[in-house]
Amino acid sequence: MQGIRSVSRGRRWLVPVAVVLAGVLATSTAAFSASGSKRASGTLVWAKSFDIKSIDPGHQHEVTGGIVDSLLYDTLTTFSGSTDGQPVPLVASKVSSSTDLKTFFFTLRKNVKFSDGTPLTSKDVVFSFMRLKYLQGVPAYEMNGLYAYAKGPYRVGIKSDTPNPGVPALVASSYFSILNSAAVQKNGGTSANNANTADTAQSYLDKTSAGSGPYTLVQYTPQASVILKANPKYWGPKPAYDQIVLKNVPASTQLLELQKGTANLAVDLSPDQVANAGKNVKVTTHASSTFFFLEGNMNPAIGTAANKNIHKAIRLALDYKNIVSLVGTGASQIAGFIPSVLPGALPAKYATVQDVAKAKAAVAASGIQNPTLNLEYPNDFFLNGLSFGTIAQRIQSQLQAVGITVNLTPGPLATTLANWRAGTEQLGLWTTTPDYPAPYVNLDFCPGGNHALRVKWAAGADPALETLCEKAAQTKLTDPNLSKIYTAVQRKLLADGPYFPLFQPSQVIVTSPSVTNVKYSPTTFVDVRLLGKK
Amino acid sequence: MGPRDGAPPTAGRVSVAPASRRFPHGPGALVGRLLGRRSSSFASFIVQRLVSFVLLTFGITLIAFCLTHLVPADPAVAALGDTASNDEALVQAFRERYGLDKPLPQQYGIYLWRLLHGDLGRSSQTSNSVWHDLSNAIPASIELALLGIVVTVVVGIFLGTVSAIYYGRMLDQVIRVVSLVGVSLPSFWLALVAFYIFFYKLGWVPPGGRLDAATLSPPKVTGLYTVDAALAGQWSTCWQALKHLILPALVLAAYTGSFMVRFTRSAVLEVVNAEYVRVARAKGLTGRTVIFTYILRGALPSILTLAGLSFASLLSGTVLVEQIFSWPGIGQYAYVSATTLDLNAVMGVSLFIALVYLVINFFVDILYGIVDPRIRLGRR
């Protein structure tokens, strides 16, 4: 390597190059050390794993979009501050209904103004709700069978095709955000029945808020952040924070940001992730409104899950406590189909208990030799760090112990969801969260319901159960018999249905010590409107 | 012909010829012949590349379209979710809105027709035009890729050359080990560790994202925050954007830069003993002149190839690194599009990435002509 040595003799040129490189590195280091995330006091930074597709209430149907809209817009009712699971008035000062539960009347407060100073009236409510219906966006189904109309400037009627006691709770959802109709119409919005093609206001509503909520939109940067500032014209109590920033941060680094002080709030972490969170953060754990369940297909042509004895065997074979232990602190077995945070939840005393001997007997009684089932679940979807695969493996081993062979057939959410919808899954491991915090949504598990159709359990399959379900669907949230009625429905569903409720994971809320009055919200995880600061 | 009279001879050089030379019978060559020129002339070469460019783009749209429609899932269900997809009217409206109710060949025909008019279709996840979404994501990736490629090229060539010059010595061994580690470490792991050390432990870098949490993005001109902030005179925002760029760019460059080190070292070793280098040294030229004018120039075509591919790789996004650094670039957009089966967005991303590779290869080929006049002159 004579040549190389002779070249290296003239290596003085290396010195200036090295100096330049060192300079670049030094500049970088200076940049690093000078960096910081100094925020004006009164700013709350919420580190959130984003799922926003839009912040237009007519198009958004994701958690983060719902959080943003709940701060930008008001709704007729709200669960904010509710202590008994009942919706409380917000823009509506009074709610009443017809005796047949087909029409609801909302009397509006007269002091509510949009952020541009325009008074909020019934025409804004009707515009917003009918736009939601006719836009045919993802949340449009919430308006199925419902029609809004004005009964004077400060009175709104909502008519339902069928008795629907859930309306006062439903309109608390962020999809039912009340928009400034004049501003939205001026920017391409319409509530006409051709809104599907004629409405062009989404881009406007993704840049500007047209609401009366405690905050206004400063900037929405897709996949990055949403910056909100306090609405000086807000008609309600002044919010604790002058500014709220929702920042897209993956769950893997959320805790680091909180510990370092560059974020104040996070809700996407699992109990395991915060087990040693340290003193710089405050961790609270709440029961969530989500639950996991296993379900079998009722179509005998699809597989042996349709057999009643196999149902019984699966139900008794599962070691629920063991499965719950996989999920982490704060998780609990769910007894029925309604999470414990909602009215109508099945008391824990009715929860199924493992009985391996009876499970084996049920397998034998089925007359099926070596029953084998494919268990589908999404392998690219995690709920607060919780993997479906871990739970599926445990289910597999527990069912194997009673003689049921389970083949795990995971797939991407897009394909497993398509199979579920097509009703082709033999066994499915899924999770569900009610669209709004009321028990009515989960009556979809009853025969003929939207959920039951996915396991081929059609209407007419269980008339006695369906009568109970019908009765439950027409019971008002305030009815003193609600708990009794829903207990009967769920016990019958457990006995007759192809579902095996497993557990409710906990909802972990991590905050900076300076954040006070942290309350769980079944719709936005944290009731941001109630947050305070030291 | 001495080395000063033209490009250095290629004795022992790692040679990567332009694609047009490797495949001289392509459609571009035919066009060149039709034009009555030698297919190896530089103008003909550009025409060949442009024709290939168009045909490849068409082929890519066809392949991407077929592959995305082979996925055994329903885009309507994926986009609407479990509850809304129970509503047949909504599903139907969704199919009509995105043209999914038409036969596949017709869908492809419509897609191509719209593409010719610059319309990439609407994203089913955001309801925006795909072009609008890409125009937000692409500049974020470009900004990261530009810094990444600067670091890759500067550090990679420098250390690769040093390593070759100090062949067999301690410095060479150290650089080889470091570069081996660089190419071996998974980027997402390196990103997490770097974030933990430099943000959490040392506090040298800001958290993820393109700007600090409460900082407004500058008025959009190019979409590159550093440039837009400078154009708007927002120097503090410009500085902040630069600080946010550094760590993710360094993490991305760790892999490409390490490759560049190893490649440069190898390329330099190939030419360092070449006859023309020995002649240059015999003439008494300084080491710096020999290295820059003779050795590096001889190795440059190979290095250019790798630099081009590295830039394309950086530009096409690295999903996990973008995820960890909360970087709203093309990688994150691609991931969300794929998981929600947003067909138009998947097509848009595929097309963009393919174009990135085509365009960069095109320019690399032109640069060959600049650094190696024999290519420009059509010599073989």
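How many bridges pair strand E6 of chain A with strand E7 of chain A, and in which sense? The two strands, residues 146-150 and residues 155-160, pair in the antiparallel sense over five bridges. This is a predicted model: local features need pLDDT of at least 70, side-chain atom pairs count only at pLDDT 80 or more, and totals for chains, interfaces and linings use all residues. Residues are numbered from 1 along each chain as its sequence is written, chains are lettered from A in the order in which they are written, and side-chain values use heavy atoms, without hydrogens and water.

**The hairpin in chain A**
- Strands pair if DSSP finds at least two bridges between them.
- A:Ala148 stands opposite A:Ile158 in E7(A).
- Four residues lie between the strands of this hairpin, and A:Gly152 takes a positive phi near 105°.

**Chain A as a whole**
- Chain A has 17 helices and 25 strands; these are DSSP runs, with helices (H or I) of at least four residues and strands (E) of at least two, numbered from the N terminus.
- The C-alpha trace of chain A spans about 90 × 75 × 45 Å along its principal axes.
- Of the 534 residues in chain A, 59% are buried (under 20% relative accessible area, 1.4 Å probe, protein chains only; exposed is over 50%, partly exposed in between).

**Helix H9 in chain B**
- B:Phe188 is found in helix H9 of chain B.
- B:Phe188 has a relative accessible area of 38%, so this residue counts as partly exposed.
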